[in-house]
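Good morning, and thank you for coming.

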Amino acid sequence: MLESIPPREEDKILRLMKLFADDPRVGKIDLGVGVYHDADGRTPIFSAVKQAEQRLIETQESKGYVGLAGDPAFHRAMAGLVLGDLAETMPFAACGTPGGTGAVRQGFELMKLAGNPQRRIWLPDPSWINHGSILDTLGIPRADYRYYDAETGGVDADGMLADLAKAAPGDVVLLHGCCHNPTGADMKAQDWAALTKLLAERGLTPFVDLAYQGFGDGVEADVSGLRTMVAALPETIITVSASKNFGLYRERVGCVLAPCADPKARDMTHAALAWLNRQNYAFPPDHGARVVTTILTDTGLRADWQDELDGMRARMKENRTALAGELRRLTGSDRFGFLQSHKGMFTVLGLSTEQVLTLRKEHGLYMVEDSRINLAGLTDATIPPAAEAIAAVL
Ligand SMILES: Cc1ncc(COP(=O)(O)O)c(C=O)c1O
């Protein structure tokens, strides 16, 4: 039986990681993988995480099962972080998941449970590659809406609204909460407002994937658009990852939050999410979720975490400014000026696949084939050679 399983295409990023690891050149630069690196090229463990883990080791008395939806204290802590005061005033359903990917999967499955096999989900063009592939695996119909304007390096707000005006009532619209992956181009406050109006008029449900809160402009600023939308609409599905902003990648910490119209809808959604967890893996991972809860509910640890996160964001911004400056100097143009208006860890440079492959082969500069780069992969020492390589292939 097993030999009849058709081969699957290898994950592009994992393949890129392998190519990079196998490259013997000393000056090679990895801007491919989507993980934060500090100035020494390490993916550090937050000091607040270390302290919270230590506390857990000293105080935790059992590793017995927790509820199917995970720990309610974790739900409350994450809802407070993402929704702010709305978490106190709006009923919301929640469940813990293995990372943000697990949350995305459970969120899509939740949509499926709501019936209507014709219901489509609209994805921004482009989007995180796993959105489309998980939807295809689940057999959920999807459509694309215009999102990125390569000419301006910003969001094509008119195109987005025009495409979504064609969505059928009941359809779902996927949005990136902040720090759009892969482009780095985020919606402005007025775009969130216009979109909220359209969703309300056409009876569309937002599905917001939030994987980088705190990486753009700040923990609060990064969710202000999302909060306006949640407050104005009867229901929203939010999928959250703690991989990046708590550096807990391998612990698999995520959750689904679903603000609902009333307590009855909340109870039914909560039961459905717990049931989905049961079908897929029963109980969600607990250790990382408990670490996050410990940090968010302790004033000192929370301040420590926020400081470290602020430092990471500042470093990524400095790298953006420095790379944009080098490219301006080398090309004599503002062609890459958009680097500075983009948010978070990524930017799509707008290079062709051929240029990307030349950068890899001739300059040892690695990026994803759509020319997405990870700004955290750069250091003071690698910014000048990276910029020179990019300028050389133009
Ligand atoms: C847009 C987006 N959503 C979700 C995730 C999920 O991350 P994880 O499963 O590692 O928590 C990622 C990670 O790259 C992402 O970029």
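**Backbone, domains and buried residues**

Asn116 sits in the loop that runs between helix H5 (99-113) and S3. Please keep in mind from the start that this is a predicted model. The phi angle of Asn116 is near 60°, a positive value in a residue that is not glycine. Asn116 is also partly exposed, with a relative accessible area of 36%.

Arg252 likewise has a positive phi, of about 60°, although Arg252 is not a glycine. Arg252 belongs to the loop between strand S9 (237-241) and strand S10 (254-259). With a relative accessible area of 31%, Arg252 is partly exposed.

Why do I point these angles out? Most residues other than glycine have a negative phi, and most peptide bonds are trans.

Asp125 and Pro126 are joined by a cis peptide bond, with omega about 0°. Pro126 is placed in the loop between strand S3 (121-125) and helix H6 (129-138). A cis peptide bond also joins Asn181 and Pro182, and here omega is about 20°. Pro182 is in the loop between strand S7 (172-176) and helix H8 (189-202).

Let us now turn to the division of the chain. Domain 1 is made up of 10-45 + 302-392, while domain 2 is 65-297. How far apart do the C-alpha centres of domain 1 and domain 2 lie? The distance between these centres is 27 Å. To the contact, domain 1 gives 22 residues and domain 2 gives 25 residues.

Next, a pair of helices. The axes of helix H3 (residues 72-83) and helix H9 (residues 224-232) come within 9 Å and cross at roughly 105°. H3 and H9 are therefore roughly perpendicular to each other. On the H3 side, the contact is made by Gly80, Leu81, Val82 and Leu83, and on the H9 side by Leu226, Arg227 and Val230. Sorted by class, the contact of H3 with H9 has 5 nonpolar, 1 polar and 1 charged residues.

We come to the cysteines. How many disulfides are there? The count comes to 0 disulfides, by the rule that two cysteine sulfur atoms must be within 2.5 Å. Cys178 is in no disulfide, and the nearest cysteine sulfur, that of Cys179, is 3.8 Å away. Cys178 is buried, with a relative accessible area of 3%. For Cys255, the closest cysteine sulfur is in Cys95, at 7.7 Å, which is too far for a bond. Cys255 has a relative accessible area of 0% and is therefore buried.

Two further residues deserve a word. Asp163 is part of helix H7 (residues 157-164). Is Asp163 buried or exposed? Asp163 is buried, because its relative accessible area is 9% and buried means under 20%. Apart from its neighbours within four places in sequence, Asp163 is in contact with Trp122, Tyr145 and Arg146.

Gln355 is part of helix H13 (residues 353-363). At 18% relative accessibility, Gln355 counts as buried. Which residues does Gln355 touch, not counting residues up to four places away in sequence? They are Val393 and Leu394. Finally, Gln355 and Tyr148 are 207 residues apart along the chain, and their C-alpha atoms are separated by 20 Å.

Thank you for your attention.

Definitions and conventions: Residues are numbered from 1 along each chain as its sequence is written. This is a predicted model: local features need pLDDT of at least 70, side-chain atom pairs count only at pLDDT 80 or more; totals for chains, interfaces and linings use all residues. Side-chain values use heavy atoms; hydrogens and water are left out. Axes are lines fitted to C-alpha atoms, for helices over the stretch in contact, and angles run from 0 to 180 degrees between N-to-C directions. Helices (H or I, at least four residues) and strands (E, at least two) are DSSP runs, numbered from the N terminus. Angles under 35 degrees count as roughly parallel, over 145 as roughly antiparallel, 65 to 115 as roughly perpendicular and the rest as oblique. Contact means heavy atoms within 4.5 Å. Ala, Val, Leu, Ile, Met, Phe, Trp, Tyr, Cys and Pro count as nonpolar, Asp, Glu, Lys and Arg as charged, and the others, Gly among them, as polar. Buried means under 20% relative accessible area, exposed over 50%, partly exposed in between (1.4 Å probe, protein chains only). Domain bounds come from an automatic or database domain assignment.
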